[in-house]
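Dear colleague,

Please find the structure below, followed by a summary of what was found in it.

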Amino acid sequence: MGCCSNVSFFSPLPTRPSLSHISSTITTLDAPRFPAHKTRLHSGTATTRLRCNCQLTTTDLAPLTSAAYGTLLFGGGLFAFTRSGSKGSLLGGLTGAGLMGTAYFLMQASETKELGDALAFGSALLFACVFGIRLAASRKLVPAGPLLGVSLGALAVFILAYLQDKV
């Protein structure tokens with residue numbers, strides 16, 4: 001699993017003899033993931049620049065998205081039930097959490113990863129349609145608008161992960 005994508009970290013470590021052991025420690029400890037490059041600024045002071053070369057792909061992001069989206073659906077359904085007694089919202093939240101939890105566990109094994117991606121995509125599409133219909137019917141931005149946005153974002157992650165796994 002990747003950690004970042006071409007993110008640069010700048011550390012103003014001077015190259016004075018008293019602090020040179022810090023720069024070499026950073027270089028030796030984090031060499032595989034954070035190669036250190038010494039550069040000179042226009043002012044003449046030297047700095048150490050650390051850059052992460054690892055990348056986070058949508059295949060790595062899909063299980064995390066599934067877990068977060070399922071938790072959000074469950075929390076939203078539970079909140080709506082406690083606030084207004086809506087059993088439909090509770091059932092929808094439990095269904096969404098169950099589908100996303102199943103998709104999460106299917107994404108863990110390489111044999112069933114495509115099935116997990118497809119299940120997550122179908123579920124996110126279902127909930128995007130539900131929230132879109134609710135937004136159009138009620139004409140109230142909250143809560144259907146943000147949930148529609150989150151559903152479309154999750155939908156994009158799942159379709160990209162599915163297409164990447166398929167290839």
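Of the 167 residues of the protein, 28% count as buried (under 20% relative accessible area, with a 1.4 Å probe and protein chains only). This is a predicted model, in which local features need pLDDT of at least 70, side-chain atom pairs count only at pLDDT 80 or more, and totals for chains, interfaces and linings use all residues. Residues are numbered from 1 along each chain as its sequence is written, and side-chain values use heavy atoms, with hydrogens and water left out.

The protein has 5 helices and 3 strands (DSSP runs numbered from the N terminus: H or I of at least four residues, and E of at least two). Along the sequence, their pattern is β-α-β-β-α-α-α-α.

The volume of the largest pocket is about 500 Å³. A pocket here is an open set of points on a 1 Å grid over the protein atoms alone, where a 1.4 Å probe fits, with protein on both sides within 12 Å along at least five of seven lines; lining residues have an atom within 4 Å of a point. The volume is the space filled by probe spheres set on the points, which are joined across faces, edges and corners.

Of the 22 lining residues, Gly76, Ala80, Ser89, Arg134 and Leu147 are the closest to the centre of this pocket. At least two residues of the lining come from each of helix 2 (58-84), helix 3 (87-108), helix 4 (113-138) and helix 5 (144-166); helix 2 gives the most, with 8 residues.

Yours sincerely

Definitions and conventions:
Buried < 20%, exposed > 50% of the residue type's maximum accessible area, 1.4 Å probe, protein only.
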